[in-house]
Amino acid sequence: QQLASQPSSSTQWPTFQKPTQTKPVTPTEPEPTLPENCDDGHTFPGDAPNCAVCGIDYYSATLYFMLSSDGTHYIVWSIGDCRRTTVIVPEIYNGLPVEVIGNLTTTHMMIISNAPESFVTHVVLPDTIRQIGVGAFSGYRSLVSINIPDAVSRIEQQTFGECKSLVDLTLPKALTYIGDRAFIGCMKLKDLQIPEGVTHFGDSA
């Protein structure tokens, strides 16, 4: 019986390559096309602080402002189109200071008009604010904190009515007046220091 011959050392064996794993191709979304102007509204990608087209800050573009009768300052009279949980009121609007929150001549012209359940949790007011109107933050049920600028001397009636989540509030030293039911329904506001200069403390405040 003839044995099969053994392969010589010079025999070339085929080589095998390990198959490479290909990564799935993730389609890239095209960059959004920005409008040429803001005639149809401003563009705020994500939580961007400024419009991507004209550069206006978010709050100046979304809060509703009204020029005072003497033309010297602006009033924030409504939350307007703002849909962020933290509302930062700008110090300057159209070159003039923002000095008033709410309409002081119309009862319950609230900053959050027509919104029975508020999504706002924090409000930041600039030092230029000197007056806060009747019922300005009434019904802000999710509001946790707000600062009251030093120039504010009056808390009008029902200013913080039914702010059920409010826990952080410091009253300015210049305060002299607290209106009726100013803090009614503020169940979590346990430690509120009343300044010594307050001469009027309203009913059920």
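Modeller: The discussion below sets the values for this chain against the definitions behind each term.

Modeller: This is a predicted model, in which local features need pLDDT of at least 70 and side-chain atom pairs count only at pLDDT 80 or more, while totals for chains, interfaces and linings use all residues. Residues are numbered from 1 along each chain as its sequence is written, and side-chain values use heavy atoms, with hydrogens and water left out.

Colleague: What makes up the secondary structure of the chain?

Modeller: The chain comes to 1 helix and 11 strands. Helices (H or I, at least four residues) and strands (E, at least two) are DSSP runs, numbered from the N terminus. Along the sequence, the pattern reads α-β-β-β-β-β-β-β-β-β-β-β.

Colleague: Why is S60 called buried?

Modeller: Buried means under 20% relative accessible area, exposed means over 50%, and partly exposed lies in between (1.4 Å probe, protein chains only). S60 has 8% relative accessibility, so S60 counts as buried. This residue is found in helix α1.

Colleague: Which residues is S60 in contact with?

Modeller: Contact means heavy atoms within 4.5 Å. Leaving aside neighbours within four places in sequence, S60 is in contact with F65, P90, I92 and Y93.

Colleague: What joins the side chains of S60 and D57?

Modeller: The side chains of S60 and D57 are joined by a polar contact of 2.6 Å. The term requires a pair of N or O atoms within 3.5 Å; within protein, one must be able to donate a hydrogen and the other to accept it, and residues adjacent in sequence count only if both atoms are side-chain atoms.

Colleague: Is S145 buried or exposed?

Modeller: The relative accessible area of S145 is 14%, and therefore S145 is buried. S145 lies in strand β8 (residues 145-146). Beyond its neighbours within four places in sequence, S145 is in contact with T121, H122, V123, L166 and D168.

Colleague: How do you know that β2 and β5 pair, and in which sense?

Modeller: Two strands pair if DSSP finds at least two bridges between them. Strand β2 (residues 74-78) and strand β5 (residues 96-101) have 3 bridges and pair in the parallel sense. Within that pairing, Y74 has V98 in β5 as its bridge partner.

Colleague: Which sense is found for β4 and β5, parallel or antiparallel?

Modeller: Strand β4 (residues 92-93) and β5 run antiparallel and are joined by 2 bridges. I92 stands opposite P97 in β5.

Colleague: Where does E162 lie, and what is its phi?

Modeller: E162 lies in the loop between β9 and β10. Its phi is near 65°, a positive value in a residue other than glycine. At 32% relative accessibility, E162 counts as partly exposed.

Colleague: What makes β9 and β11 edge strands?

Modeller: Each of β9 (154-155) and β11 (200-201) pairs on one side only. They belong to an open sheet of 3 strands with the order β9-β10-β11 and parallel pairing. Strand β10 (residues 177-178) and β11 pair over 2 bridges, with Y177 opposite H200 in β11.

Colleague: Which residues touch the most other members of the largest nonpolar core?

Modeller: A nonpolar core is a set of buried Ala, Val, Leu, Ile, Met, Phe, Trp, Tyr and Cys residues joined through side-chain atoms within 4.5 Å. The largest has 42 residues, of which F160 and F183 touch the most other members. At least two residues of this core come from each of α1 (58-62), β2 and β5. Not counting residues up to four places away in sequence, F183 touches I155, F160, L169, L171, I178, L189, L192 and A205.

Colleague: How many residues are in the chain, and what percentage is buried?

Modeller: The chain has 205 residues, and buried residues make up 37% of them. Of the contacts with a separation of 6 or more, 39% are between residues 24 or more positions apart.
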